[in-house]
Amino acid sequence: MEKSAISIILGSYNRKRFLKATIESIRNNNIKRDYEIIVIDGGSSDGSIKYLNKQKDIITILQNNHGSWNGKAVARKSWGYFMNLGFRSASGKYVCMISDDCLLTENVIENGISEIEKRQSINKIGGIAFYFRDWPIEKEYKIHYTYGDYLAINHGIYTKEALETVGYINDKDYQFYCADGDLSLKIWMKKYEIIESEKCFVEHHAHAPSRMSHSSKKQYQKDLKNSRLNWAKLIEQTNKLGEWKYVSIIDKNNTVSQFPMGSIKAGLIYRLRIIKQKLIPSK
């Protein structure tokens with residue numbers, strides 16, 4: 001496979017409208033170097049697969065993760081399993097991870113790589129975390145510092161070298177939650193740094209239910225328990241469970257306007273509903 005400068009990886013399932021907007025935001029991001037887009041689809045039934053098959057600039061990996069086969073339920077694969085399919089397939093020196101309901105702000109890919117390369121001559125850089133906000137719930141953008149106050153990547157760019165060194169995501173201990181923080185900590189423990197820059201931020205659409213379902217809460221608690229067991233020594237040494245850092249960034253291009261028509265109105269209604277439930281401040 002011809003080597004690209006950067007591989008952009010995202011998983012998707014039944015979010016065709018958002019996926020198309022995310023893909024367009026990648027294509028229109030003024031990326032100056034060779035890049036590839038890799039989408040791992042979990043067996044969508046909303047037309048996403050038909051759409052992806054027509055996109056000649058996208059590498060599509062289909063791994064059906066739902067339903068039954070030969071009378072038995074399909075064993076559910078973890079989020080990390082899907083991401084690792086993309087990470088291992090990536091030919092780029094850099095690997096960008098975003099969600100299928102994200103929009104890239106102007107030049108974020110070039111800004112991120114430039115920041116890594118600028119800092120690489122001083123320190124051993126394993127990646128850069130993008131600031132993001134859950135729109136329209138949040139007005140400020142955030143990044144997460146996990147156990148020990150180590151910066152984690154929720155959306156951002158890794159070096160392929162760092163991913164290979166740590167053996168990619170732990171896809172056994174986490175079904176969905178905490179796996180990205182675990183990966184970031186593994187990168188730090190191998191003496192790489194994860195950096196941040198206010199030139200690197202993305203929009204993430206918040207369209208999940210305002211309250212976790214019972215099964216989601218149960219899975220979150222299980223993943224969190226595994227995470228704290230795996231990093232118990234670090235937590236004991238530092239007595240720090242992590243926190244979010246928030247910044248106010250002005251997006252002069254109003255990138256959120258690129259979200260699919262209908263989702264913008266639905267998102268605003270969602271915000272009003274959770275304000276009423278007093279889950280977030282109304283400011």
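Student: What covers the buried residues of α4?

Tutor: Start with the terms. Buried means under 20% relative accessible area, exposed over 50%, and partly exposed in between, using a 1.4 Å probe and protein chains only. Contact means heavy atoms within 4.5 Å. Helices (H or I, at least four residues) and strands (E, at least two) are DSSP runs, numbered from the N terminus. Here, the cover over the buried residues of α4 includes β1 (6-12), β6 (94-97), β7 (102-104), β8 (125-135), β11 (156-159) and β12 (193-205).

Student: Which residues of α4 are buried?

Tutor: V108, I109, E110, G112, I113, E115 and I116. Before going on, note that this is a predicted model: local features need pLDDT of at least 70, side-chain atom pairs count only at pLDDT 80 or more, and totals for chains, interfaces and linings use all residues. Residues are numbered from 1 along each chain as its sequence is written, and side-chain values use heavy atoms, with hydrogens and water left out.

Student: How do I read the span of a helix?

Tutor: Compare it with the expected span, 1.5 Å times one less than the number of residues. Helix α4 (residues 108-120) has 13 residues and reaches 18 Å from first C-alpha to last, close to the expected 18 Å. Helix α1 (residues 16-27) has 12 residues and reaches 16 Å, close to the expected 16 Å. Its buried residues are F18, L19, A21, T22, I23, S25 and I26.

Student: How many disulfides are there?

Tutor: A disulfide is a covalent bond between the sulfur atoms of two cysteines. The test is a pair of cysteine sulfur atoms within 2.5 Å. The count here is 0. For C102, which is in no disulfide, the nearest cysteine sulfur belongs to C96, 9.1 Å away.

Student: Why does C102 count as buried?

Tutor: Because its relative accessibility is 0%. C178 also counts as buried, because its value is 18%.

Student: Is H144 buried or exposed?

Tutor: Buried, because its relative accessible area is 19%. H144 lies in strand β9 (residues 141-146). Beyond its neighbours within four places in sequence, H144 contacts Y150, L151, A152, N154, E243 and W244.

Student: And the whole chain?

Tutor: The chain has 9 helices and 13 strands. Of its 283 residues, 50% count as buried. Among contacts between residues at least 6 apart in sequence, 78% join residues at least 24 apart. The chain exposes about 14600 Å², 50% of it from carbon and sulfur atoms; the areas come from the Shrake-Rupley method with a 1.4 Å probe, and for residues only the protein chains shown count as cover.
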